[in-house]
Amino acid sequence: MFVVCGEALMDVFSTGTTPTGVTLDARVGGSPFNVALGLARLAQPVAFLGGVSRGFLGERLMHALADEQVDTRAVWRSDAPTTLGLVGLNAAGAASYAFYGEGAADRLVPPQALDALPADIAAIHIGSYNAVIEPVASTLRTLVSRHQGRSLVAYDPNIRLSVEPDLDRWREQLQWMLPRTQLLKISDEDLASLYPGADPQEMASGWLAQGVALVVLTRGALGALAWTASHQVQVPTVPVQVIDTVGAGDTFQAALLTWLAEHGALSAQAISQLDAQALTQALEFAARAAAITCSRRGADMPRRAELS
């Protein structure tokens, strides 16, 4: 069983103007929410830990989880509102976000929510702004501390400066996570924000020395790089007609975790035993999945049959 932790929200797209305003299209989203749905669509058992409103938008999020058979026993319901993420797309389909969620349900997850989690947790994924916004951030740290050494921990910073503009807070969270993380996925944009001008090879080497078993750097149209203590591999992006990039990184993460699960590699020791060919296959699988998402509007992740 995977456990995915973090925000569930509504991504709001503009679909055009009207004589008196703007037409909006709200879709279920949130980076960790997308990872959970992505894992479920790839036939992996997964539970979601996050805060969801009891309002009509929260009900829509719960229906989406139920439709994909995501375990919702650890979802924390409250009367707080649902975060809205306004999505802007440039000419290439790359997304930018503005979040409206002060006091929203996704941020209000207390430690007692952890009591509802299943016992058989093989891997935990944590990412995005819930890891740096209180009180939910402390709850997620408690979860990681409880399962350190017992479950694989995957982390994707997925920086959202419109939610937490203090980069030192994001750096502090990354430093806390490094000795507790076995799989670190980070985008080149996030790396540049955290450590401007840093050499990816040097950063990866330092992170591996702090205990990470696998470092993956996604680079958009330039493909992806991965490092373990023994190997470095690189794969190109998969050519596709890009509609938008919403959910591409989340899909990549879900697919990478799926490949590791299907190959019995959900532990630091198993990851360390992967050779360069296996690592390349893992990244290629994840890149194919991300390309499918990019070919569709919003975070519409592929199903397992599409990657056979």
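How many nonpolar, polar and charged residues does the lining of the largest cavity have by class? The lining has five nonpolar, four polar and one charged residues, where Ala, Val, Leu, Ile, Met, Phe, Trp, Tyr, Cys and Pro count as nonpolar, Asp, Glu, Lys and Arg as charged, and the others, Gly among them, as polar.

## Basis of the model

The structure is a predicted model, in which local features need pLDDT of at least 70 and side-chain atom pairs count only at pLDDT 80 or more, while totals for chains, interfaces and linings use all residues. Residues are numbered from 1 along each chain as its sequence is written, and side-chain values use heavy atoms, with hydrogens and water left out.

## The cavity

The structure holds one cavity of 30 Å³ or more, and the largest cavity contains about 30 Å³ of space. On a 1 Å grid over the protein atoms alone, a cavity is a set of points where a 1.4 Å probe fits but cannot get out; a pocket is an open set with protein on both sides within 12 Å along at least five of seven lines; and lining residues have an atom within 4 Å of a point. Grid points are joined across faces, edges and corners, and a volume is the space filled by probe spheres set on the points.

Ala8, Gly51, Val52, Ser53, Leu61, Pro81, Thr82, Thr83, Ala105 and Asp106 line the largest cavity. Strand S5 (residues 51–53) gives the most to this lining, with three residues. Helices (H or I, at least four residues) and strands (E, at least two) are DSSP runs, numbered from the N terminus.

## The four-stranded sheet

Four strands form an open sheet of mixed pairing in the order S3-S2-S7-S8; two strands pair if DSSP finds at least two bridges between them. Strand S3 (21–29) and strand S8 (95–100) are the edge strands, each pairing on one side only. The twist averages 35 degrees from one strand to the next. Axes here are lines fitted to C-alpha atoms, for helices over the stretch in contact, and angles run from 0 to 180 degrees between N-to-C directions.

Strand S2 (residues 9–18) and S3 run antiparallel and are joined by nine bridges. A hairpin connects S2 to S3 through two residues. Thr18 has Gly21 in S3 as its bridge partner, and Asp11 has Arg27 in S3. Helix H2 (residues 56–67) packs on the sheet, where it touches S2, S3 and strand S7 (84–89), and its direction makes about 45 degrees with that of S3. Contact means heavy atoms within 4.5 Å.

## The eight-stranded sheet

A further open sheet consists of eight strands in the order S4-S1-S9-S10-S11-S12-S13-S14, with mixed pairing. S4 and strand S14 (232–235) stand at the edges with a single partner strand each, so one side of each is left without a neighbour in the sheet. From one strand to the next, the twist averages 15 degrees.

S1 and S9 run parallel and are joined by four bridges; within this pair, His125 in S9 is the bridge partner of Val4. H3 lies across S1, S4 and S9, running at about 150 degrees to S9.

Helix H1 is mostly covered, as 11 of its 11 residues are buried. Buried means under 20% relative accessible area, exposed over 50%, and partly exposed in between (1.4 Å probe, protein chains only). The buried residues of H1 pack against strand S1 (2–5), S3, strand S4 (46–49), H2, strand S9 (123–127) and H7. After H1 comes Ala43, whose phi is positive, near 70 degrees.

Helix H3 (residues 136–147) contains Thr139, which is buried, with a relative accessible area of 1%. Not counting residues up to four places away in sequence, Thr139 touches Val109, Pro110, Pro111 and Leu114.

## The pockets

The largest pocket has a volume of about 1,300 Å³. Its lining comprises 47 residues, of which Ser187, Glu189, Thr245, Ala248 and Gly249 lie nearest its centre. These 47 residues divide into 21 nonpolar, 16 polar and 10 charged. Elements that each supply at least two lining residues include helix H1 (31–41), strand S11 (183–187) and helix H7 (248–262).

The second largest pocket has a volume of about 290 Å³. It is lined by 17 residues, of which Arg27, Val28, Leu37, Arg41 and Ala299 lie nearest its centre. S3, H1 and H2 are the elements that give two or more residues to this lining, and the largest share, four residues, comes from H1. The lining residues divide into eight nonpolar, two polar and seven charged.
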